[in-house]
Amino acid sequence: MSNASVQQLTFDLGHRTAQGRDDFLIAPSNADAVAWIDRWPDWSAPALVLHGPAACGKSHLAAVWADQTDAVSIAPSDLAKIPADELFARGTHLVIDGVDPWIGDRASETTLFHLYNMAREQGHTMLLTFRTAPSRLDFVVADLASRLRAAPAVAIHAPDETLLGAVLVKMFADRQLQVGQDVMTYLLPRMERSFAAARDLVTRTDTLALAQKRAISVPLVRDVLTQMQDES
């Protein structure tokens, strides 16, 4: 990866801004999900499901959609303790981020089933995020399973090298740290391909550089990667 390509990474990718959040970078790994967000309100069902691994950008994209639709966020845990009509009354459009742990809980599934039906009847919409696609989950409420499995579900994949490189450049820049081509070329094929790993790596690199009064270099990030590997 050349110096020019590293510098251009954040410009080659499109971006969306979520209120109160950093830019959302668009890349092949999330382009299908972004296209579905752009398609709203022309969805084929009252709910859209975004699914993908931890820290792949689901919550960020859900926040982008919430910002553009004035959607209200509902905590998944509320499904187990608050009646569906009360949750439904909170807003015309709803975001429920991180539904997976509550699939298998009958009360939560029943509430979500009622929310889905209310949204369909009233022309409202919901955006739901899961780590696993609904087609691969075991439901206890069969009617909810059939509705969510029939709803559009789009995957956000682990970031590719271009997106991960852009994210790393931005994370380092946010800490007023500059990294050279040699560091990026070394890091990208060796690190875990996830945003969570990128955040951890940048934080550890910054901390170690300050503690040891060292510049950001290949030997320094090699020490960080070694530390992360030893702890895994």
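I started at Val95, which stands opposite Leu127 in S6. For bookkeeping, this is a predicted model, where local features need pLDDT of at least 70, side-chain atom pairs count only at pLDDT 80 or more, and totals for chains, interfaces and linings use all residues. Residues are numbered from 1 along each chain as its sequence is written, and side-chain values use heavy atoms, with hydrogens and water left out.

**Strands**

I took helices (H or I, at least four residues) and strands (E, at least two) as DSSP runs, numbered from the N terminus. Strands S5 (residues 93-97) and S6 (residues 125-130) run parallel and are joined by five bridges. I also found His93 opposite Thr125 in S6. On to S4: S4 and S5 pair in the parallel sense over three bridges, and Val72 has Leu94 in S5 as its bridge partner. Pairing here takes at least two DSSP bridges between two strands.

Then I looked up the whole sheet. It is open, with five strands in the order S4-S5-S6-S3-S7 and parallel pairing. Strand S4 (72-74) and strand S7 (153-155) are the edges, each pairing on one side only. On average, neighbouring strands of this sheet are turned by 20° against each other, direction ignored.

How much of S5 is buried? I counted four of its five residues as buried, so to speak mostly covered. My cut-offs were buried under 20% relative accessible area, exposed over 50% and partly exposed in between (1.4 Å probe, protein chains only).

**Thr69**

Thr69 lies in helix H3 (residues 58-69). I noted Thr69 as buried because its relative accessibility is 8%. Leaving aside neighbours within four places in sequence, I have Thr69 in contact (heavy atoms within 4.5 Å) with Trp40 and His93.

**H2 against H3**

I checked helix H2 (residues 31-39) next: its axis and that of H3 come within 11 Å and cross at roughly 15°. Axes are lines fitted to C-alpha atoms, for helices over the stretch in contact, with angles from 0 to 180 degrees between N-to-C directions. H2 and H3 are therefore roughly parallel (under 35 degrees) to each other.

Which residues meet? I listed Ala33, Val34 and Ile37 in H2 against Leu61, Trp65 and Gln68 in H3. The residues of this contact divide into five nonpolar, one polar and no charged. Nonpolar covers Ala, Val, Leu, Ile, Met, Phe, Trp, Tyr, Cys and Pro; charged covers Asp, Glu, Lys and Arg; the others, Gly among them, are polar.

**H6**

Last, I looked up helix H6 (residues 142-150), whose buried residues are Leu144, Ala145, Arg147 and Leu148. Their cover includes helix H5 (106-122) and S6.

Conventions: Parallel < 35°, antiparallel > 145°, perpendicular 65-115°, else oblique.
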